[in-house]
Amino acid sequence: MNKKIVSIFFLLVIFVSITFVYSYYTSNNNEQQYNSPIQKIDENDISEEIDETFIDEDDEIEIGEMV
Amino acid sequence: MKKILTALMMLMILLSIPSLAIADETEEENGTEDPEIDNDTKKELEIMNFSLGAEIRLLQLQKAIIKNILKGEMAVEVLKALYFNTTTLEEILSNLKNLLEDVKAVNTSSNNSVQIFVELKYEAKNLTRQFRETIKDILDAEKLKEIRERIKNMISEDLQNYSKQIRNKIKQFNRNRLYQLYGIIGEANNSFINEYLNGNITLDQLKFQLCKTINYMNKERKYEIFSEIKKDNIKNKIKAQESYNNIKNKGKGKGYGAGK
């Protein structure tokens, strides 16, 4: 019986630790995005911002098809 | 034994609730989106903070309406040849033509040009939908497919002129934005701009060159430039959102920007 209790207790500890680690990792990741973007800039980030600055020459407005 | 198990279960639930709440909160923060906003229209408004941008959007709307008028007229011709009653369709086309005149008459430098653009685009979508639904009631799927095929490869000089005009305006707009970017970077390459305007280099090549210039800089300078560009883009997005909110508040219930 004692063995069962110990194993359930261990399972509980593992489960709670995983939940804590997951939540800590998720919130920590977001903080990093806001607080230290300088470390995160890569070529893609710059390229995305440059893309947004210009308009594509073939850009069109869609109002739907008649038929 | 049962008591111990129940106590353990309770403890487990109590411990996991707060941590799950933290994780859930962060996910909620990331995924907020207004479902009512038509993303295409919202994106289109971003360049309308600039007078040239407003001009481009209105020209594009004119082109889209003309394209649909021409397609509609062709469809009506086909229907007339098959002795169908086309009165309702012709009425819708006449409304589209009036709408086109309204779009042409918009003053791009006026303060409410954004609101007018959204209203007119909404009306154009509405009339197009009306036409599509009316013709769907008259013809069967096979005949519709036949007409669709006939008008698909439609060539119009008027449309080609519009395309040229829009392309030139977009080039001017991009040139202005390029000067702004060079202002941020701190060095201008005039020959590069001229090459783009003359069509010797494409927009993609120009963007690639700009990225290369920025990426050659040191980390701090790169960050400074990146922040400035991002700040400008966010400002434009905020202005577009403000315009959109104003329109939504004024035209509540009209459903601007919704549905195609």
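Residues are numbered from 1 along each chain as its sequence is written, and chains are lettered from A, with ligands numbered from 1, in the order in which they are written. Because the model is predicted, local features need pLDDT of at least 70 and side-chain atom pairs count only at pLDDT 80 or more, while totals for chains, interfaces and linings use all residues.

## The two chains

Chain A has 2 helices and 0 strands, and chain B has 10 helices and 0 strands. Helices (H or I, at least four residues) and strands (E, at least two) are DSSP runs, numbered from the N terminus. Along the sequence, the pattern of chain B reads α-α-α-α-α-α-α-α-α-α.

Of the 67 residues in chain A, 15% count as buried; in chain B, buried residues make up 24% of 260. A residue is buried if 20 or more other C-beta atoms lie within 10 Å of its own, exposed if 12 or fewer, and partly exposed in between, with C-beta atoms placed from the backbone.

Contacts in chain B between residues at least 6 apart in sequence include 79% that join residues at least 24 apart. Two residues are in contact if their C-beta atoms, placed from the backbone, lie within 7 Å.

## Domains of chain B

Chain B is divided into domain 1 (49-154) and domain 2 (155-233); such bounds come from an automatic or database domain assignment. The C-alpha centres of the two domains of chain B lie 32 Å apart. Contact between them involves 12 residues of domain 1 of chain B and 13 residues of domain 2 of chain B. The domain 1 side of that contact has 6 nonpolar, 3 polar and 3 charged residues. In this classification Ala, Val, Leu, Ile, Met, Phe, Trp, Tyr, Cys and Pro count as nonpolar, Asp, Glu, Lys and Arg as charged, and the others, Gly among them, as polar.

## Contact between chains A and B

The contact takes 38 residues from chain A and 53 residues from chain B. On the side of chain A, the elements that give two or more residues are helix H1 (2-35) and H2. H1(A) supplies the largest share of that side, 13 residues. By class, the side of chain A that touches chain B has 19 nonpolar, 8 polar and 11 charged residues.

## Two helix pairs

Two packed helices are described by the angle between their axes and the distance between the axes. Axes are lines fitted to C-alpha atoms, for helices over the stretch in contact, and angles run from 0 to 180 degrees between N-to-C directions.

| Helix pair | Angle | Axis distance |
|---|---|---|
| H2(A) (residues 43-53) and H9(B) (residues 203-215) | about 135° | 10 Å |
| H4(B) and H5(B) (residues 113-138) | about 165° | 10 Å |

H4(B) is roughly antiparallel to H5(B), whereas H2(A) and H9(B) are oblique to each other. Angles under 35 degrees count as roughly parallel, over 145 as roughly antiparallel, 65 to 115 as roughly perpendicular and the rest as oblique.

H2(A) passes H9(B) in a right-handed crossing, and H4(B) passes H5(B) in a left-handed crossing. A crossing is left-handed if the near helix is turned anticlockwise from the far one by less than a right angle, and right-handed if clockwise.

In the pair that joins the chains, Glu43(A), Ile46(A), Ser47(A), Ile50(A) and Asp51(A) of H2(A) meet Lys207(B), Leu210(B), Cys211(B), Ile214(B) and Asn215(B) of H9(B). The residues of this contact divide into 5 nonpolar, 2 polar and 3 charged.

For the pair within chain B, the contact residues of H4(B) include Leu89(B), Ile92(B), Leu96(B) and Leu99(B), and those of H5(B) include Leu120(B), Leu127(B), Phe131(B) and Ile135(B). Here the division is 10 nonpolar, 4 polar and 2 charged.

## Selected residues

Ile61(A) is found in the segment after H2 of chain A and counts as buried because it has 22 C-beta neighbours inside 10 Å. Leaving aside neighbours within four places in sequence, Ile61(A) is in contact with Glu44(B), Gln60(B), Leu61(B), Ala64(B) and Lys121(B). Ile61(A) and Ser7(A) are 54 residues apart in sequence and 64 Å apart in space, C-alpha to C-alpha.

Asn2(A) lies in helix H1 of chain A and, with 6 C-beta neighbours inside 10 Å, counts as exposed.

Tyr83(B) is in the loop between helix H3 (51-81) and helix H4 (87-104) of chain B. With 7 C-beta neighbours inside 10 Å, Tyr83(B) also counts as exposed. Most residues other than glycine have a negative phi. Tyr83(B), not a glycine, has a positive phi of about 60°.
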